[in-house]
Amino acid sequence: MRPHRAESLARQGSCSAGAAIRAAGSAMTPRTPPSLRLVPSPKSASPKGLEDAAQRERIVSELDRNVVIEAAAGTGKTTELVHRIVAVLARGRTTVDRIVAMTFTEKAAGEIKLRIRAGLELARKNAPAGSDEYPRLEHAIAHLEEAWVGTIHGFCAEILRERAVEAAVDPAFQVLTERHSEEMFARSFRGWFERVLENPPPGIRRSLRRKAQRRGEGPIEGLRVAAWRLAEWRDLSSPWRHEAFDRDAELKTVLERLHSLADLSVGPADPKDLLYLDLEPARALSRDLRAVEAAGLLDRDQVEAEIVALPRRSVADKVTFAKARRGRTTRYSATVDRSTILNAHAELIEAIETFARRANADLATLLQAELMGALDAYEEMKRRHGRLDFLDLLVRARDLVLRKDIRVEFQERFSHYFIDEFQDTDLLQAEILLLLVSADPNETLWERVHARPGSLFVVGDPKQAIYRFRRADLGVYERVKGQLEGAGALFIQLTSSFRAVPDLQAAVNRAFVSRLDGDLDSQQAAYVPLTPVRPAHELQPALIVIPIPGTRGERSITRDLLESVLPAAIGSFLGWLLGESGWTVTERDRDGPVPVEARHVCILFRRFSEEVTRPYVAELDARRVRHLLVGGRSFHARSEVEAMRTALTALEWPDDELSVFATLHGPLFAIGDEEILEYRHRYGRLHPFRLPSGSIPERLEPITGALTLLADLHRSRNARPVADTIHALLESTRAHAGFAFQPSGEQVLANVLHLTECARAHERAGGLSFRSLVARLDADAASNAREEAPILEEGSEGVRLMTVHKAKGLEFPVVILADYTASMTWQNTERHVDSSRRLSALTLAACVPWELHQHQDTEQRRELAEAQRLTYVAATRARDLLVVPAVAEQRWGEGKQTADGKWLYMPWWISPLNDAIYPNPGTRPERPTGCPNPETIQDPDGSAGGIAPGRYAMGGYGVVWWPTLRTERRPPVGVLHPELLDPAVDAAVMKSDERRHRDWLERRMSLVGRAAIPHLVPVPATKRAKESPTSKPRDEEPTVEVLTPARQPGRPAGVRFGSLMHAVLATVPLDADASTTSDTCALQARIFGATAEEREAAEKLAAEVLGYEIMDRARAAAKSGRCRREIPLTLRDHDGVIVEGQADLAFE
């Protein structure tokens, strides 16, 4: 935590500037201060002309009230937060060292600090020189670095570092990233699980029998994932409900129905009867269980696992046992009706589902208790390594502020808290915050806290609450908001949005006004319509709907069809927009419109897997549209990353001939198949350390050169940082140019260089060898681990492809919504959180606890509510143009429910916009302004019908339905910059460039040479004293009197005695008597493990030194505060050498 400057100055007996300003403020501030708006609002409007201008004025005038602001997208909420901070400082309500400004990312925190500085400087410029505000602003600007601006986790980390002893943490603890937390947990889980297997408890034993429900996830991995989920919610650890469950009795009932169905289904009239074939798993299981039971080997845990898995057994392509096909005829066999078999099958499925629900709930409760040992092992490993994860920061900081002495200290230290993005808070964060602003220092229950007046300013937008999966709890937000309002806080809603043009805002209002209904049970936000501020763009549309090709006039529309043709349609539209449209857009920090470019466009996805993004990337590559993949799981699947990973594998394991072959054939060396195969046929194998002796054909020399390079890098790989090895490989192969020439070369090269950042991060996390990094990269690729792809700098050219979650907080001139068929949420939710009961009921290893069963419908409604907010966030990222794909024939993707409200299939994520884009039936379109003639871009072979192209008036705004686009494209051949490879270059130009390069190289080497000469040469004083005198002595050498104690015969010597003597003289009081000197020597002797003889000799020698006459002068100086002991000294000698040392005693 940053030092409390006012307190430190007060302890020195002086009045701090902050104290003076606070005193002046309290004495001179009028009761009803005039409006103070110190930072200009966005350029497009003056605050006085806004619909919510009066509310905005209250933010900077009512400084003695706590404030809760709900600010819609683009309304300038961060600007208003800065207004409030500047007003509080200018009015003298506090000083800059006593404010805390929190947001939820480090990047946002950095931007807020820059905006605070800009606001303070503008306010100082506008303040009269003789006013009270001017010195306050001067002080705030000078001491701005003393303000705490950061994330809640950073704030908690500083609290813990300052109070490490009370928090029982290592003072030098390191914070684990999410990824490193999961890796450490996996290591601790493996050790714990090996110990548990010696005598597994019943829940783990039953779980190990279960069959995996997720592809590639065995029962042990399922338990690890379950334990990790418990670790993520370990602060809400109330025990789950346990109901009586007689497993054997209920299992007996299910087995009776199983055997009955098996007996009934034997002997069909037709051996190829589909129902007979689909019931074979039941007959096989019945036979096996009867045989095992007859042998007396029946394992109840195994029977339970087989019964629970039976409905999911695959019996045909896309057919499971639970959905067995009915067959055709009414008679199943000569003696059994088909309806009898179908009824028996339905009764068995119902019995299994009932049993599975009860068995799984029972097992989930057992696992919650039994997996706590894995959490204990994780905590112990973190303690041993001095690590804390993000949840630890919150939990331990909360525990600290529950202590009154610590809570009171921080309540006095910080007077004002400014919280941004408060809708993303959780219970722990809210608890910490409210306890720190409590007016009653004795209050420990956050629900009863009354915040100090004017101490709290929170900004949020519940319509943008989209982080439930990261523990954000909109219910907690609403509870805190209600609690603050009930205590007199000012509640303000900002609706004037500076971001989007009016047509976009009207469309968003229409789409969400009925969906965001403020329902408390589903924790849905209440919608407040946006009010436009920007002028409309009359010459081009703001909302465009792209009809997905193949959906006009078609009745048979499938998910596969939509997913296959949409990327080409979006690519075609982008090609026209960037190459032919001539349209303009606006940029946030520039006046006037600019031509639309690739960097102005963002394509947003609901999902971001390689399978989803690959077709879009291919379309952009084919049309030479630069693009950047921001985040996602596709990093390790990129071809350039796979090539580098293969090369690193070849470096580590030169015996891996397949990796060596792939490295030689890949983009680093680009050696052809024929040459490589000929080399292997001639010389036996490809091995960096098995090179042929003698001469080889010239065409094979590149192979020996490449193998020699691999051998050299292999030898040095563990003698230098891994990043250096990667750079050496790239430099030696000159691969940078090859990667840069590929389509989207900037991103390709950034991906390759990002591997060096991965290597550095691996080493910082404790990776000790080159091999461990290679193994780590291979494991990440195999598990499809999330590795953030590098994001090029803000001004980089290229269309951004990212998820909606990544785009939150950003804005783009053009936004295109993709991933049309993504569902809004899953059919079944996997958690129920009740913060009031400190309960988190989670699905563990596919087992659902009773609390989650009970609240499944409620949780699904909450997930759907958040999914609607996600679509709202996506639609409000656009400034000038929003492009939405749609089926032209009819409203699509809105899901289907049964009569009792159960979802047969979930709505698709873009479907909330249907109300805003589909015109009323029978509406005729008009010719849109600024759009091309449909005949010039329309696919002539596209089917007719559906919604016709044109502009439709929607009541307050217009939506343009685009023609069905032609989607042909050229294949991606060649490179993006062929001119760089053109040999037909003027010779004079080449010579000029070569001369400039030589000149640059000479200048560079000259600078490197000068930089290699140190300007400061620090030398220890002990070494300097041993050096020979220089030829240039000082003008006036001081006279030095050397006092040396008499050498007593037999006095100890050596390093230990010297260290003991130095420690005694460093710690003994200058006015010590014989007893004190003896005690000091005894203490230091125990520390150094000195002998009795050494202790006695040190005591005598110390007494002799303290008796010198010069020590009387030192004691006199100490009484007047002019004596220093063990003081570090640095001085520059006459020859420029910096001499460093430490003076044992200095006085004047």
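Thr78 lies in helix α4; helices here are DSSP runs of H or I with at least four residues, strands are runs of E with at least two, and both are numbered from the N terminus. The model is predicted, so local features need pLDDT of at least 70 and side-chain atom pairs count only at pLDDT 80 or more, while totals for chains, interfaces and linings use all residues. Residues are numbered from 1 along each chain as its sequence is written, and side-chain values use heavy atoms, with hydrogens and water left out.

At 16% relative accessibility, Thr78 is buried. Buried means under 20% relative accessible area, exposed means over 50%, and partly exposed lies in between (1.4 Å probe, protein chains only). Beyond its neighbours within four places in sequence, Thr78 is in contact with Ile112, Arg115 and Asp420. Contact means heavy atoms within 4.5 Å.

Lys77 is also placed in helix α4. Its relative accessible area is 13%, and Lys77 is therefore buried. With neighbours within four places in sequence set aside, Lys77 touches Ala71, Asp420, Glu421 and Val459. An unreviewed UniProt entry lists Ala71, Ala72, Ala73, Gly74, Thr75, Gly76, Lys77 and Thr78 under "binding site". UniProt positions follow the numbering used here, feature names are shortened, and annotations may be inferred rather than shown by experiment.

Lys77 forms a salt bridge with Asp420, and the closest N and O atoms are 3.4 Å apart. A salt bridge is a side-chain nitrogen of Lys or Arg within 4 Å of a carboxyl oxygen of Asp or Glu. Helix α4 spans residues 77–90, and Asp420 sits in the loop between β8 (416–419) and α20 (427–436), so the pair ties together parts that are 343 residues apart in sequence. Both Lys77 and Asp420 are buried.

Val459 belongs to strand β9, which covers residues 456–460. Val459 has a relative accessible area of 1% and is buried. Its contacts, leaving aside neighbours within four places in sequence, are Ile69, Ala71, Lys77, Leu81, Ile419, Asp420, Glu421, Phe422 and Gln423. Val459 and Leu81 are 378 residues apart in sequence, yet their C-alpha atoms are 7.6 Å apart in space.

In total, the structure holds 84 salt bridges. One of them pairs Glu306 with Lys211, with 3.4 Å between the closest N and O atoms. This pair links distant parts of the chain, 95 residues apart: Glu306 is in helix α15 (residues 300–309), and Lys211 is in the loop between α10 (202–209) and α11 (219–232). Glu306 is buried at 18% relative accessibility. Lys211 is partly exposed, at 39%.

Another salt bridge joins Glu678 to Arg682, where the closest N and O atoms are 3.1 Å apart. Both residues lie in helix α27 (residues 673–683), and their separation of 4 residues is about one turn of the helix. Glu678 is partly exposed, with a relative accessible area of 22%. Arg682 is partly exposed as well, with a value of 45%. Elsewhere, salt bridges link Arg205, Arg206, Arg210, Arg247, Asp301, Glu304 and Asp362 in a network.

Trp1000, Leu1001 and Met1005 make a nonpolar surface patch of about 300 Å². Patches consist of residues with over 30% relative accessible area and no salt bridge; like charges are joined within 9 Å, and nonpolar side chains (Val, Leu, Ile, Met, Phe, Trp, Tyr) within 5 Å. Leu1001 is found in helix α38, residues 987–1011. Leu1001 is partly exposed, with a relative accessible area of 37%.

The count of disulfides is 0, a disulfide being a pair of cysteine sulfur atoms within 2.5 Å. Cys156 is buried at 0% relative accessibility. Cys847 is buried too, with a relative accessible area of 0%.

The protein chain has 43 helices and 29 strands. Of its 1148 residues, 50% are buried. Among contacts with a separation of 6 or more, 77% involve residues 24 or more positions apart. The accessible surface of the chain comes to about 55,000 Å², and carbon and sulfur atoms account for 52% of that area. Accessible areas come from the Shrake-Rupley method with a 1.4 Å probe; for residues, only the protein chains shown count as cover.
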